[in-house]
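Visitor: I would like to learn how to read a structure. Please show me.

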Amino acid sequence: MDKQKKTLLILAVLLGVALLGLLGAKKLADKKEKADAIDSAEESIQVYSVDADDVTKVAYYNNGAQVTLTKTDDQWQDADGVILDDDKVRTMLSYLTTIKASDVIEDTDDISQYGFSSATNEVTVTTKDSETTFMIGMQNAITDKYYLMVNYDESKVYVIDSAMLTACGYSTSDLMPDES
């Protein structure tokens with residue numbers, strides 16, 4: 001019985017050491033994740049930011065069809081005057097009201113190399129004070145990022161993720177209130 005107690009004691013100690021190692025590894029992983037998030041936030045470039053409540057109109061293309069949304073008397077409606085679901089529009093706007101880039105290419109000589117040849121990749125966000133037009137270029141096959149030009153300013157091309165394209169993926173029917 002004495003031998004069983006020693007074996008049990010050794011197993012308990014080993015289990016304790018393993019648990020301490022596991023907790024230490026978790027804390028280290030959490031610290032690394034926080035540091036990576038801070039680094040990522042510091043490296044991003046603020047391209048555009050506006051309060052969603054200040055947006056009065058949004059126009060973009062969805063599958064080749066122009067989608068125009070207008071806010072009148074605190075209600076969003078499509079071009080035909082159909083009232084849209086406010087929460088769904090706000091979700092769509094969340095992709096357009098804060099735009100960050102991972103990189104900026106300045107002094108571009110030839111913007112066609114970034115895929116800015118089609119008006120079907122335009123998004124216009126209007127507030128009571130301004131109107132901003134974004135032109136989404138092609139996707140970089142290596143980085144899976146997209147090119148963005150703001151207000152036709154050819155001197156800067158931003159490198160962004162696919163969030164703006166997510167916003168352009170909403171059709172008018174996607175933004176309609178759910179039928180109960």
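This is a predicted model: local features need pLDDT of at least 70, side-chain atom pairs count only at pLDDT 80 or more; totals for chains, interfaces and linings use all residues.

Visitor: How many salt bridges does a search of the whole structure find?

Guide: The term means a side-chain nitrogen of Lys or Arg within 4 Å of a carboxyl oxygen of Asp or Glu. The search of the whole structure finds three. One joins the side chains of Asp 53 and Arg 90, at 2.2 Å from N to O.

Visitor: Which parts does that pair tie together?

Guide: Helices (H or I, at least four residues) and strands (E, at least two) are DSSP runs, numbered from the N terminus. Asp 53 sits in the loop between strand 1 (45–49) and strand 2 (55–62), and Arg 90 in helix 2 (residues 86–94), so the pair ties together parts 37 residues apart in sequence.

Visitor: Which other salt bridge does Arg 90 form?

Guide: The side chain of Arg 90 also meets that of Asp 86, at 3.4 Å from N to O. Both residues lie in helix 2, four residues apart, about one turn of the helix.

Visitor: And what is the partner of Lys 88?

Guide: Lys 88 meets Asp 178 in a salt bridge of 2.6 Å, N to O. Asp 178 lies in the segment after helix 3 (163–168) and Lys 88 in helix 2, so this pair links parts 90 residues apart in sequence. Salt bridges that share partners join Asp 53, Asp 86 and Arg 90 into one network.

Visitor: Are these side chains buried or exposed?

Guide: Buried means under 20% relative accessible area, exposed over 50%, and partly exposed in between (1.4 Å probe, protein chains only). Asp 53 is partly exposed at 43%. Arg 90 is partly exposed at 34%, and so is Asp 86 at 33%. Asp 178 is exposed, at 58%.

Visitor: What does Thr 127 touch?

Guide: Contact means heavy atoms within 4.5 Å. Thr 127 lies in strand 7 (residues 122–127) and is buried, at 8% relative accessibility. Not counting residues up to four places away in sequence, Thr 127 touches Tyr 48, Val 50, Asp 54, Val 55 and Thr 56.

Visitor: How many residues of strand 9 are buried?

Guide: In a regular strand, side chains alternate between the two faces of the sheet. Strand 9 (residues 146–150) has five of its five residues buried. Tyr 146, Leu 148 and Val 150 are buried on one side, Tyr 147 and Met 149 on the other.

Visitor: Which strand does strand 8 pair with?

Guide: Two strands pair if DSSP finds at least two bridges between them. Strand 8 (residues 131–139) and strand 9 run antiparallel, joined by four bridges. Met 135 stands opposite Met 149 in strand 9. The two strands form a hairpin with six residues between them, and Asp 144 in the turn has a positive phi of about 60°.

Visitor: How many bridges join strand 9 to strand 10?

Guide: Three bridges join strand 9 to strand 10 (residues 156–160), and the two run antiparallel. Tyr 147 has Val 159 in strand 10 as its bridge partner. This hairpin has five residues between its strands, with Asn 151 in the turn at a positive phi of about 50°.

Definitions and conventions. Residues are numbered from 1 along each chain as its sequence is written. Side-chain values use heavy atoms; hydrogens and water are left out.
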